Amino acid sequence: TELDGGYWYRNLRRAVRFDAATRALLDDGFRSFVEVSAHPVLAAEIRDAAGPAAAAVTGSLRRGEGGLRTFLLSAAALCVRGVGVGWPALLTGQPRVDLPTYAFQHRHYWLESSAPVPAGEAHEDEEAPPSPLAGLSALPEDRRREVLLAFVREEASAVLGRSPDETLAPTDVFFEVGFVSLTAVELRNRLSAATGLELPAMLIFDRATPAELTDHLLTELTEPTDPAEG
């Protein structure tokens, strides 16, 4: 009864205040955000509002990718960030595959379950996994760029769902080979997590190819810090 004509008029007439609402949730301690829609358009804004705060942000489906696989990938993205997912309910009716056992060794290879870790936290006795770019600064300059370029190409291909033998070429233009705004932000997020850099949301728009993007990241990673800036 509250959703009458006046409600919808106010809904359209007043400011949305989405950023203020997101920041209020962050201030209250929320660190998991799911945009449930046919195609996420606000996930990037949520992540930008979160800033350095460790927050799990995902959509549910994507335009042109509205099947179960995309939905399960979204659930998996939450799961690896420590968000509890009700897998038994989600996978009801799905076929299950028996994993092979090695009877002659009298041992099995089932994955051991553990309590989920809240997003942004880790067990006290658990070390963070090494960065895939660890040791980059110790490499010779020419080799450094080669390693970083290969990593950028692999990450970009993974975001597009390509197989390892379909890696993007250094001069491929991101938005000519299948990237859209959402996947551009996803690539930015992956590179930010791997490098530890706070990268702008428009990064992929401004650096249009893997080669250009690599040169930018290399500068950010190797440029000495100004002592005056602390």
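**View 1. Right-handed crossing of helices H2 and H3 in the predicted model.** The crossing of H2 and H3 is right-handed, a term used where the near helix is turned clockwise from the far one by less than a right angle. Helices are DSSP runs (H or I, at least four residues), numbered from the N terminus. The axes of H2 (residues 18–27) and H3 (residues 43–50) come within 10 Å and cross at roughly 55°; axes are lines fitted to C-alpha atoms over the stretch in contact, with angles from 0 to 180 degrees between N-to-C directions.

**View 2. Residues at the contact of H2 with H3.** Phe18, Asp19, Thr22, Arg23 and Leu26 of H2 meet Glu45, Ile46, Ala49 and Ala50 of H3 (contact: heavy atoms within 4.5 Å).

**View 3. The largest nonpolar core.** This core has 21 residues, of which Phe174, Phe179, Leu187, Leu191, Ile204, Leu213 and Leu217 touch the most other members. A nonpolar core joins buried Ala, Val, Leu, Ile, Met, Phe, Trp, Tyr and Cys residues through side-chain atoms within 4.5 Å, buried being under 20% relative accessible area (1.4 Å probe, protein chains only). Helices H6 (141–159), H7 (181–195), H8 (203–206) and H9 (210–222) each supply at least two residues, and H6 gives the most, with five.

**View 4. Surroundings of Leu213.** Beyond neighbours within four places in sequence, Leu213 is in contact with Val152, Phe174, Leu187, Leu191, Leu203, Ile204 and Arg207.

Residues are numbered from 1 along each chain as its sequence is written, and side-chain values use heavy atoms, without hydrogens and water. In this predicted model, local features need pLDDT of at least 70 and side-chain atom pairs count only at pLDDT 80 or more, whereas totals for chains, interfaces and linings use all residues.

Note on methods
Buried means under 20% relative accessible area, exposed over 50%, partly exposed in between (1.4 Å probe, protein chains only).
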